[in-house]
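This report describes a helix pair and the salt bridges of one protein model. Please look at the sequence and structure before reading on.

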Amino acid sequence: MRNPYFQFSGGIFAALLFLVGLFFLFIFLPMSIVAEAFSKLGLTPAQGVLMFIAILIGRTVNLPVFTSERLVMVQRPASVRFSMDEMGRPMQIQEDSANELVKQVFAVNVGGCILPLLLSLTFLVSLHLDGKADGLYGWLGFALVMVAGGCYAIAKADPFTGLRVPLFMPALMTFLSVFFFVPEPFRPVAAYVAGTMGTLIGGNLIPLLTPRIRNAVGTPQVAIGGAGTFGGVFVAGILAVLLA
């Protein structure tokens, strides 16, 4: 029986066209969307693209801030080592996986927490400097509470990522609370701040302060804005601004 195989016979032009399509779909289009969103918040397209790259790179960086005394179980993977038998012949020895107890570490993610926080503060300060912040905080507080409350209701403890929030739900809640209730001049900034900070507060911080949820998190490292929440924070900030 012959194994299935893939054969491409479209020529070099078709291959290049396919690569260009992938570049447009996965790189150019997301960057364009992000640049458009950040332009509504006062950044130039170049600054928006640079911030997009910084957030993606920062996603891989977690900064530990607290080590708990709580011990969690971590499975050590099986390992293979090589040795020599009595006759001098090489032999392979496989060690079975084992569990070990480690202290749980809490961290903050650079791309999913620190950079969105700094951007939120930057946009708020910019509004103050332009004299356009009068009346903002009441509407912003309302949207923030709505998003945080909704994210807290749907946040779940995940054995692999710590805390998980559905990808598009924070963006939907942000859009509904901002588009229908917040006055138009405040919508872009309110959408970004409420979308990102509301997701972090309701999806990470409040659950970690709730003993029932915190005790259900069994990962050795819990990153605020990290895996499980980063997507919700990013999509909420960008998509909500575009829709608002």
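Is Arg-164 buried, partly exposed or exposed? Arg-164 is partly exposed, at a relative accessible area of 38% (buried is under 20%, exposed over 50%, partly exposed in between, with a 1.4 Å probe and protein chains only). Its side chain forms a salt bridge with that of Asp-158 (3.7 Å, N to O), and Asp-158 counts as buried at 17%.

## Basis of the model

The model is predicted: local features need pLDDT of at least 70 and side-chain atom pairs 80 or more, while totals for chains, interfaces and linings use all residues. Residues are numbered from 1 along each chain as its sequence is written, and side-chain values use heavy atoms, without hydrogens and water.

## Salt bridges

A salt bridge is a side-chain nitrogen of Lys or Arg within 4 Å of a carboxyl oxygen of Asp or Glu. The count by this rule is 2. Lys-103 and Glu-69 form one of them (3.4 Å, N to O). Lys-103 is in strand 4 (residues 98–109) and Glu-69 in strand 1 (residues 62–76), so the pair ties together parts 34 residues apart in sequence (strands are DSSP runs of E, at least two residues, and helices runs of H or I, at least four, numbered from the N terminus). Lys-103 is partly exposed at 41%, whereas Glu-69 is exposed at 62%.

## Helices 6 and 8

Helix 6 (residues 187–209) packs with helix 8 (residues 230–243) at about 165 degrees, their axes 8 Å apart (axes are lines fitted to C-alpha atoms over the stretch in contact, and angles run from 0 to 180 degrees between N-to-C directions). The two are therefore roughly antiparallel (over 145 degrees; under 35 is roughly parallel, 65 to 115 roughly perpendicular, the rest oblique).
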